[in-house]
Amino acid sequence: MSGFWRCVVYAVVLALAAHPLGQALPRRFHPERPPFRPWKWEKNGRIYSRLGIEKWKKLVPDMSRLLPDMVKKELPGSGAVTAAQADTLVQETCRAEVVHTASCLLGLAFLRLWPGAGGAAVLAVWVLLANLPFMVIQRYNRPRLVRLAALLRKREQKKGDTSARTDTDL
C-alpha cells in the first residue's frame with residue numbers, strides 16, 4: 001500500500017475515533033484556566049473577526065447535525081436560553097478544542113506513514129483544513145458563551161430573588 005493510501009486510511013480512522021474520544025473526555029473543564037481561557041492577543045475572541053469567521057464558520061461541517069448524541073451547537077432561537085444551556089456549550093467548546101488538538105498531534109503519524117513531502121503535505125492539509133478552523137471557532141465562541149452564561153446566571157438569580165420576595169407563601 002502506498003504512503004498516500006496509508007495516510008487516507010489513517011485519516012479515516014482518526015476521524016471516526018474523534019467522536020468516541022470526545023464522548024470519553026471528562027464533562028467538566030475550566031474555561032477560565034489555560035489552555036481554554038482567551039490569550040491576551042485573542043482579545044476575547046475578537047481577533048478572529050479579522051479572519052472573517054462570522055462569514056465562514058457556518059460553512060464548515062457540524063457533526064452534531066449527523067450524530068444525535070452530540071450536543072447541538074446552536075442555542076434555541078426562541079430567546080428562552082438558560083445559563084445551563086450556555087454552560088453546556090462552553091464545556092462543549094473545551095471538549096471540541098481538546099479533540100481537535102489531539103487530532104493534530106496524532107496527525108504527526110502522517111510523516112511516518114508517508115515520509116517526505118507527501119506526508120508533510122497530508123499533515124498540512126489535516127491540520128489546516130480538518131482541525132484548525134474548528135479550533136478557531138471554539139476559541140471565538142467560548143468567550144462569548146462564557147459572557148452569555150454569566151449574564152443569564154445574573155438574570156436567573158435576580159428573577160429568583162424577585163419571585164421569592166413576591167411569593168405570598170413567604
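A residue counts as buried when its relative accessible area is under 20%. Arg95, with 6% relative accessibility, therefore counts as buried in this predicted model. The model has five salt bridges and five aromatic pairs, whereas the count of disulfides is zero.

**Arg95 and its surroundings**

- Arg95 has its place in helix α3, which covers residues 83-106.
- Its side chain meets that of Glu92 in a salt bridge, with 2.5 Å from N to O.
- Both partners, Glu92 and Arg95, belong to helix α3 and stand three residues apart, about one turn of the helix.
- Glu92 is buried as well, because its relative accessible area is 8%, under the limit of 20%.
- When residues up to four places away in sequence are not counted, Arg95 touches Gly22, Leu25, Pro26, Arg27 and Phe29.

**A salt-bridge network**

- Glu42 and Arg139 form a salt bridge through their side chains, at 2.6 Å from N to O.
- Glu42 counts as buried because its relative accessibility is 2%, and Arg139 is buried because its relative accessible area is 8%.
- Another salt bridge joins the side chains of Glu97 and Arg142, at 2.5 Å from N to O.
- This pair links distant parts of the chain, with Glu97 in helix α3 and Arg142 in helix α6, 45 residues apart.
- Glu97 has a relative accessibility of 10% and therefore counts as buried; Arg142, with a relative accessible area of 2%, is buried too.
- Through salt bridges that share partners, Glu42, Glu97, Arg139 and Arg142 are joined into one network.

**Aromatic pairs**

- Among the five aromatic pairs is that of Phe4 and Trp114, whose ring centres are 6.0 Å apart and whose planes stand at 80°, so the pair is edge-to-face.
- The pair connects distant parts of the chain: Phe4 is in helix α1 (residues 3-24), and Trp114 is in the loop between α4 (109-113) and α5 (117-130), 110 residues apart.
- Phe4 is partly exposed, with a relative accessible area of 37%, and Trp114 also counts as partly exposed, at 28% relative accessibility.
- Another edge-to-face pair is formed by Phe110 and Trp126, at 5.6 Å centre to centre and with 70° between the planes.
- Here too the pair links distant parts of the chain, as Phe110 is in helix α4 and Trp126 in helix α5, 16 residues apart.
- Phe110 and Trp126 are both buried.
- Ring pairs also link Phe4, Trp5 and Trp114 into a cluster.

**A nonpolar surface patch**

- Met1, Phe4, Trp5, Val9 and Val13 make up a nonpolar patch on the surface, and together they have about 540 Å² of accessible area.
- Val9, one of the patch residues, is in helix α1.
- Val9 counts as partly exposed because its relative accessibility is 44%, which falls between the limits of 20% and 50%.

**Leu106**

- Leu106 is found in helix α3 and counts as partly exposed, at 43% relative accessibility.
- Apart from its neighbours within four places in sequence, Leu106 is in contact with Tyr10 and Leu14.
- The C-alpha atoms of Leu106 and Lys158 are separated by 47 Å, and these two residues are 52 residues apart along the chain.

- Cys7 is buried, with a relative accessible area of 2%, and Cys104 is buried, with a relative accessible area of 14%.

Methods: Residues numbered from 1 in each chain as written. Heavy atoms only, no water. Disulfide = S-S within 2.5 Å. Buried < 20%, exposed > 50% of the residue type's maximum accessible area, 1.4 Å probe, protein only. Phe/Tyr/Trp six-rings, centres within 6.5 Å; stacked < 30°, edge-to-face > 60°. Helix = DSSP H or I, 4+ residues; strand = E, 2+ residues; numbered from the N terminus. Patch = residues over 30% accessible without salt bridge, like charges linked within 9 Å, V, L, I, M, F, W, Y side chains within 5 Å. Areas by Shrake-Rupley, 256 points an atom, 1.4 Å probe, with all protein chains shown as cover. Salt bridge = Lys/Arg side-chain N within 4 Å of Asp/Glu carboxyl O. Contact = heavy atoms within 4.5 Å.
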